[in-house]
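Hi everyone, thanks for making time. Please have a look at the structure on the screen, and then I'll walk you through a few pairs of side chains.

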Amino acid sequence: MFDIGFSELLVIAVVALVVLGPERLPKAARFAGLWVRRARNQWDSVKQELERELQAEEIKRQMQDVRQGMQDTENQLRASGEAIRREAQQAQQQGDDLAQEVRAPAQADLPPHLAEPLAAATAAQAHDSAPVATTDAAVQGAAPAETPEAGPAPSTQSTERHP
């Protein structure tokens with residue numbers, strides 16, 4: 001801005017000394033310093049306020065960008081979910097069609113007295129496609145007990161002692 005060097009300041013000081021005199025010069029210098037400090041403080045406060053407003057605007061802009069990104073992502077996820085649902089429905093329909101095509105020739109080759117029970121069994125099987133849950137005890141069975149053919153169950157511990 002202003003390029004004031006030492007020589008210019010010296011000229012201003014000499015002129016002020018001549019105009020104001022040695023008695024009023026210190027008071028005038030204090031008064032000028034006070035006004036310069038006030039101007040600087042005012043400039044700094046305006047500058048800080050502008051910076052705060054710019055930061056607030058930047059934060060608002062970033063929040064808008066994030067919201068827009070979230071909405072775009074949400075829309076993409078919804079579209080993907082719908083596409084997956086449609087594909088799953090198509091695959092289910094194709095599987096049902098294929099199962100129907102496989103059942104039809106098998107039933108056509110059978111005599112009528114066997115085709116009716118097979119059709120009823122496949123319909124029931126298609127209706128009850130849920131697996132049956134079994135417990136570990138039912139799968140493993142009960143502990144071995146005496147059976148009429150084998151006699152008592154073998155023991156894992158020996159009661160006899162050998163010397």
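Let's begin with glutamate 58, which is partly exposed, with a relative accessible area of 33%. Keep in mind that this is a predicted model.

Which residue does the side chain of glutamate 58 meet in a salt bridge? That would be arginine 61, with an N to O distance of 2.7 Å. Arginine 61 is partly exposed too, at 47% relative accessibility. Both residues sit in helix 1, three residues apart, and that is about one turn of the helix.

How many salt bridges does a search of the whole structure find? The answer is three, so let's visit the others.

Next come glutamate 74 and arginine 78, whose side chains also meet in a salt bridge, 2.7 Å from N to O. They are about one helical turn apart, because four residues separate them in helix 1. Is arginine 78 buried or exposed? Arginine 78 is exposed, since its relative accessible area is 56% and the cut-off for exposed is over 50%. Glutamate 74, at 36%, is partly exposed.

Then we have arginine 85 with glutamate 82, where the closest N and O atoms are 2.4 Å apart. Again, these two lie in helix 1, three residues apart. Arginine 85 is partly exposed at 48%, and glutamate 82 is partly exposed at 39%.

Finally, let's turn to a nonpolar patch on the surface: Phe6, Leu10, Val14 and Val18 form it, with about 450 Å² of accessible area together. Valine 18 belongs to helix 1, which covers residues 6-109, and valine 18 counts as exposed at 68% relative accessibility.

Methods. Residues are numbered from 1 along each chain as its sequence is written. This is a predicted model: local features need pLDDT of at least 70, side-chain atom pairs count only at pLDDT 80 or more; totals for chains, interfaces and linings use all residues. Side-chain values use heavy atoms; hydrogens and water are left out. Patches are made of residues with over 30% relative accessible area and no salt bridge: like charges are joined within 9 Å, nonpolar side chains (Val, Leu, Ile, Met, Phe, Trp, Tyr) within 5 Å. Accessible areas come from the Shrake-Rupley method with a 1.4 Å probe; for residues, only the protein chains shown count as cover. A salt bridge is a side-chain nitrogen of Lys or Arg within 4 Å of a carboxyl oxygen of Asp or Glu. Buried means under 20% relative accessible area, exposed over 50%, partly exposed in between (1.4 Å probe, protein chains only).
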